[in-house]
Structures are given as C-alpha cells and as structure tokens.
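User: Hey, I've just opened this one and would like a quick tour. Can we go through it bit by bit?

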Amino acid sequence: MHRKFIKCTAYILMVVTCQFSSALGSSYILRISPGQEGYLLQRIKIDTILLSDNGFYYRMPPAPLNHLTVGEIIAVPYLPEADIVSASVVSGQLPPGTNMYPNGFVVVENADALEVGSYSLEIETIDAEDYQMLTALSFKILDASDLEDTEAVYQMQQSKKMGVLIEGDVLALPMDKDGSIEVAKYIVGALPPGTKLTPNGQVVVADHNMLAPGVYNSGIVTIDEQGGTTFFMVTVPIE
C-alpha cells in the first residue's frame, strides 16, 4: 500500500480543498463546494485528468464562466516533440468566445461571448516534421461562481550571468493571492537546461554546470490551495 499525504484547508461558504500526494509522485486537488443540489466534488489531477486521452493535449479543468478572462489559454499541446505548425477542428466545436491558433493553443478571445455548457471536439495538429495527430478534447464551462478567483502571476528575476548562478537560485516564482501554489506542471516549451520546476512552481537552478545562455519560454500550469488553475508562458533569460 502506498502512503498518501493529505492537506486540507477550509474557506468561507463551506469550501474545502484537499491536496493529496502519494509515494508514486502523483498529486491532485480535491475541492468540495456547495451547489444547488447539495455539495459538488471536483478532483483536479494535473498529470492525468488535465490531459487528453492520448496524452497529447493539456486542457483546463471545468471552470466557472466568470473565472475566464481574455487571453487565457485553455488548451495547449503537451510537450510536443516538434513545434506545432498547423491545427484545425475537424469535428465538433470550440466553446463560443474562444479561438485556436496554428500552434494549437486554444485561447479565450471574447469573455462576453462565453456560454455555459459542455463542448466536445476533435483537433488535428501537424508538427514541423509533418507528423499528424488527431486528439479528442472536451471542455466544460460552469455557471458563474460567487467565489472570487485571482489569477496567479509569475515574477521573473532579472537576467543573470551563468558565472554567478549557483544551485538553488530562483529564476522565476509564482505569486497567488488565493493562497500558496500546491501543484505545478511543465506543459510546453523549454525550461533552461540545468534548472528544474519545483512542486510550488519555482524555476530553480539544479546544476549550474549545465546552464546555457539564451531566452527560454516555458508553459507552466499551477494549482493554488483553493483549486484555482492558471496557465503561464514564463520567459526565463540567462546570459
């Protein structure tokens, strides 16, 4: 039997969130909140539930209508081996108010046009090596919530020279008014070589001998202690 560690936090309006982690390394947020017909149970497991069945796409968990903002990325190819150069919907439809770009990102473009409902679709992507992938995705947009949700933001450190960086130096860190970051996952792009992403979302130096100069763009998903999920494109410069 694998031991599990559980951390729970209670909030006003009887909202309870629990963080589970096991010796196998999986983590998820369990959120219990009041609904019209009793209590709602939402489990957000960042390394499985947020991925498509074929493991090729990350998509947001079900989200209240008023928690989605213009520019928010709600789906993105998950660690593709080559850059995505073409993406199209071959069946079904995107949620109203969203758009898909050639790199496969699905983004909120008009928050006022969003509609509550469930949306299923198939996306065909083609990468720079002409590899095609068909992915089934589903989105669920919930009724507006009375609970406030503040988007987390990343604070980037100024570009540093490799010669002064040592193990443990923090290059980027998230800040969230809704509470501490409980889970973080690297989704797309590239972390700087010689760095790692910590469970609380920090990008830190793991091996200064492996650092290389450049500007690195990394897509990172974080979940705060209230269950709020944010996707970031984080830019980390190293001189």
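User: Let's begin with the open sheet: how many strands form it, and in what order?
Analyst: Keep in mind that this is a predicted model. The open sheet has 4 strands, in the order β13-β14-β17-β16, and their pairing is antiparallel.

User: Which strands stand at the edges?
Analyst: Those are β13 (153-156) and β16 (195-197). Each has a single partner strand, so one side of each has no neighbour in the sheet. From one strand to the next, the twist averages 25 degrees.

User: What holds strands of a sheet together, anyway?
Analyst: Strands in a sheet pair through hydrogen bonds of the backbone, and they can be parallel or antiparallel.

User: How many bridges join β13 to β14?
Analyst: There are 4 bridges between β13 and β14 (residues 170-175), and the two strands run antiparallel. If you want a spot to look at, find Met 156: opposite it, in β14, stands Ala 172.

User: Zooming out, how many helices and strands does the protein have?
Analyst: It has 0 helices and 19 strands. Of the 239 residues, 45% are buried. The protein exposes about 12500 Å², with carbon and sulfur atoms supplying 53% of that.

User: And what share of the contacts join residues at least 24 apart?
Analyst: That share is 53%, counted among contacts between residues at least 6 apart in sequence.

User: New topic: what pLDDT does the protein average?
Analyst: The average is 79, and 75% of the residues score at least 70. Over residues 1-36, though, the pLDDT is below 50; that stretch has 97 contacts in the model beyond near neighbours in sequence. Residues 39-44 also stay under 50, and the model gives them 28 contacts beyond four places in sequence.

User: Got it. How many aromatic pairs does the structure hold?
Analyst: It holds 3 aromatic pairs. One of them is Tyr 58 with Phe 231, a stacked pair at 5.9 Å centre to centre, with 20 degrees between the planes.

User: Where do Tyr 58 and Phe 231 lie?
Analyst: Tyr 58 is in strand β5 (residues 57-59) and Phe 231 is in strand β19 (residues 229-238), so their pair ties together parts 173 residues apart in sequence.

User: Are those two buried or exposed?
Analyst: Tyr 58 is buried, with a relative accessible area of 2%. Phe 231 is buried as well, at 12%.

User: What sort of pair do Phe 105 and Phe 231 form?
Analyst: An edge-to-face one: the centres are 6.5 Å apart and there are 85 degrees between the planes. Phe 105 sits in the loop between β9 (98-100) and β10 (106-108), while Phe 231 is in strand β19, so this pair ties together parts 126 residues apart in sequence. Phe 105 is buried too. Ring pairs link Tyr 58, Phe 105 and Phe 231 into a cluster.

User: Last one: where is Thr 125 found?
Analyst: Thr 125 is in strand β11 (residues 117-127). Thr 125 is buried, with a relative accessible area of 0%.

User: What is Thr 125 in contact with, leaving aside neighbours within four places in sequence?
Analyst: Its contacts include Phe 56, Tyr 57, Ile 84 and Met 133. Take Ile 84: Thr 125 and Ile 84 are 41 residues apart in sequence, and 6.7 Å apart in space, C-alpha to C-alpha.

Notes. Residues are numbered from 1 along each chain as its sequence is written. This is a predicted model: local features need pLDDT of at least 70, side-chain atom pairs count only at pLDDT 80 or more; totals for chains, interfaces and linings use all residues. Side-chain values use heavy atoms; hydrogens and water are left out. Two strands pair if DSSP finds at least two bridges between them. Axes are lines fitted to C-alpha atoms, for helices over the stretch in contact, and angles run from 0 to 180 degrees between N-to-C directions. pLDDT is the predictor's confidence in each residue, from 0 to 100. Contact means heavy atoms within 4.5 Å. Rings of Phe, Tyr and Trp (its six-membered ring) pair if their centres lie within 6.5 Å; planes under 30 degrees apart count as stacked, over 60 as edge-to-face and the rest as tilted. Buried means under 20% relative accessible area, exposed over 50%, partly exposed in between (1.4 Å probe, protein chains only). Accessible areas come from the Shrake-Rupley method with a 1.4 Å probe; for residues, only the protein chains shown count as cover.
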